[in-house]
Amino acid sequence: MYPQTYKYTNDHEWIDLATGRMGVTDYAQKQLGDIVFLELPEVGKTVKKGEQMGSVESVKAVSEIFAPVSGTIAEVNAGLAEKPESINLDAHGSWMVAITPADPAEAQELLDAAQYAELTK
Amino acid sequence: MTTPDHRDQLIFELSTPGRKGYSLPAHDVPPAPLEGGVPDGLLRSGLAGFPEMTEVGLVRHFTRLSTWNYGVDTGMYPLGSCTMKYNPKVNEAAARMRGFAEVHPLAPDEAAQGALAIMHALAGMLGEITGLPTVSLQPAAGAHGELTGMMMIRKRLITRDGHPRKLVLIPDSAHGTNPSSAHLCGYQVREIKSCARGNLSVSVLAEAMTPEVAGLMLTNPNTLGMFEDEICDAARIVHEKGGLVYCDGANMNALIGKARPGDFGVDIMHLNLHKTFSTPHGGGGPGSGPVVATREFEPFLPTPVVVATRDGLRLDYDRPLSIGRVKAFHGNFGMILRAYAYIRALGPKGIRESAENAVLNANYVRARLRDAYEVPYDRVNMHEVIFSDHKQNEYGVTTLDIAKRLIDLGFHPPTIYFPLIVHGALMVEPTESEGLDELDRFVEAMLQIAEEARTNPDLLKKAPVTTRRSRFDEATAARKPILKWTRPVG
């Protein structure tokens, strides 16, 4: 269900540490319902772990996207912002932004797939 | 071949070129051309696109639309947190009195003494009801009141300390407008987690309350319908560190005549006249969100302020520390007038009874539905009660299905999926307007839905079936909204 190569946050984001790309989990997608709008940070912005860096709007509510690690926004998936419904179809393949981590040690605090699956039980 | 149902057509589609809804007599003066008299840039070259209708066609169109509407005049409207109470018709009569309806907003003070007297009197009443005597009636709605209040907090801190501080603390059950208002005023927002009882946690607050914090923004009763019973301690913690307490008055309907925010440590708050004080709400508005505060906020009030002088009431603009004007003219005066009429009609005893009945009604609904629906915070609530779809999830039925089915059974759905901290929330606020018979009809409808969820979930998935349209594709409507009608080509 949750890719083994990703790491996860308590706030339901995933991050692929090999590429820095992150998104929201399938669990988050299911809770949100049909996603209609994404607000993403710009390339070059510095973000701090756990702080809000964007938002995702569904037919139910607007929710924050938190930075899974501190760092700099290296890439933004502009195509996803135009087709936010992709997240409902494939949350773990729908990356939002790529972050260049500032402190590799922070990654140690993230959850692995099994721990995250336990969290969402 | 199917004929398009003309009842579903927009007024633009009903239009026929050349059709008229008026008949004017012949000119009795020579026509004067606008050209030359009005600058070219201000002249419109044509009126293309305006619908052309007969009078009766127009009347039928809008009357038909009005019959598809649902309002508090048609039935119970238990939209949690919105306080959709009945709007007494006597208020409308007061608002239509010529002396009020036709007074010009720029009339000199001496020619508008009646209107100024209503504003002055309402400010006094709101000050008495809240225990916060410094009042501005200008803000146009709740969120506007929040913004005004936060601007006054900022100005007061700058005047006191030379700087506005950095952070505002907001509980996780808050209305979304609270963080927005704080943010617009230049503050960073820090969220405070509610405790297991659904209340503000004083220990979490004490930890978060540092000298960097400008204040706490909270709603009491909170959006879970719970009274913040440790509010006095919370206010003391904030005040000891030099912060201020802002209260969102959205839920004041539970407290009027019973408890005064000024007495439990609130420094400044807004009221929603369109919730608590019975002025029309939701489409029928406009809203009105007066701000009330302690005397220390007096210098920072928006200008102008109605003041009593030996020569009568006048509008005072000479207030150097004011945050400035926040609304054109004097706020939504028609709402100020209706709220005044409501308070006068109820009187002190009626005000108290309205709060008591609002709380009693919500607790009655909880007590009768607590076996059929999960109640996440199952203890005595205030004016609203939260259910969840937890029990119905077992049959694949969600909050959205329950809400849609309620429409079939003749009720406006409650607020759904809010507050965010309750999974699948259904937030029911009956208000004091409903009597026992209507409450029982609502309860029976909810019990029927709980039974249908168990025995016939498909029925709920298809609801509503009694309306002209069933379920809309809300996701596509939000993703690709069509906001303007365009004439078909050809």
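Reply: For the 490 residues of chain B, a compact globule would have a radius of gyration near 23 Å, and the 26 Å of chain B agrees with that. The radius is taken over C-alpha atoms, and the globule rule is 2.2 Å times the number of residues to the power 0.38. Along the principal axes, the C-alpha atoms of chain B fill a box of roughly 75 × 70 × 45 Å.

This is a predicted model, in which local features need pLDDT of at least 70 and side-chain atom pairs count only at pLDDT 80 or more, while totals for chains, interfaces and linings use all residues. Residues are numbered from 1 along each chain as its sequence is written, chains are lettered from A and ligands numbered from 1 in the order in which they are written, and side-chain values use heavy atoms, with hydrogens and water left out.

Chain B has a mean pLDDT of 94 (the predictor's confidence in each residue, from 0 to 100), and 99% of its residues reach 70 or more. For the complex, the predictor gives an ipTM of 0.70 and a pTM of 0.88.

The secondary structure of chain B comes to 15 helices and 12 strands; these are DSSP runs, numbered from the N terminus, with helices being H or I of at least four residues and strands E of at least two. Several loops between these elements hold backbone details. In the loop between α2 (55-67) and α3 (89-95) of chain B sits B:T83, which has a positive phi of about 50 degrees although it is not a glycine. The peptide bond from B:F418 to B:P419 is cis, with omega near -5 degrees, and B:P419 belongs to the loop that runs between β11 and β12 (425-428) of chain B. Another cis peptide bond leads from B:A463 to B:P464, with omega near 0 degrees. B:P464 is placed in the loop between α14 (457-462) and α15 (474-479) of chain B.

The second largest pocket holds about 690 Å³ of space. A pocket is found on a 1 Å grid over the protein atoms alone, as an open set of points where a 1.4 Å probe fits, with protein on both sides within 12 Å along at least five of seven lines; lining residues have an atom within 4 Å of a point. Its lining has 24 residues, and those closest to the centre are B:W68, B:Y70, B:I407, B:T467 and B:R469. The most comes from α12(B), with 4 residues. By type, the lining divides into 12 nonpolar, 7 polar and 5 charged residues.

Chain A has 4 helices and 9 strands, in the sequence pattern β-β-β-α-β-β-β-β-β-α-α-β-α. Its 121 residues would give a compact globule a radius of gyration near 14 Å, and chain A agrees, with 13 Å. The C-alpha trace of chain A spans about 35 × 35 × 20 Å along its principal axes.

An open sheet of chain A has 6 strands in the order β1-β2-β3-β9-β8-β5, with antiparallel pairing. The edges are β1 (7-8) and β5 (46-47) of chain A; each has a single partner strand, so one side of each is left without a neighbour in the sheet. Two strands pair if DSSP finds at least two bridges between them. Within this sheet, 5 bridges join the antiparallel strands β8 (residues 71-76) and β9 (residues 97-101) of chain A. A:G71 has A:P101 in β9(A) as its bridge partner.

Another open sheet of chain A has 3 strands, ordered β4-β6-β7 and paired antiparallel. Its edge strands are β4 (35-39) and β7 (62-66) of chain A, each pairing on one side only. Between β4(A) and β6 (residues 52-58) of chain A there are 4 bridges, and the two strands run antiparallel. Opposite A:E39 stands A:S55, in β6(A).

Key
Grid points are joined across faces, edges and corners, and a volume is the space filled by probe spheres set on the points. Ala, Val, Leu, Ile, Met, Phe, Trp, Tyr, Cys and Pro count as nonpolar, Asp, Glu, Lys and Arg as charged, and the others, Gly among them, as polar.
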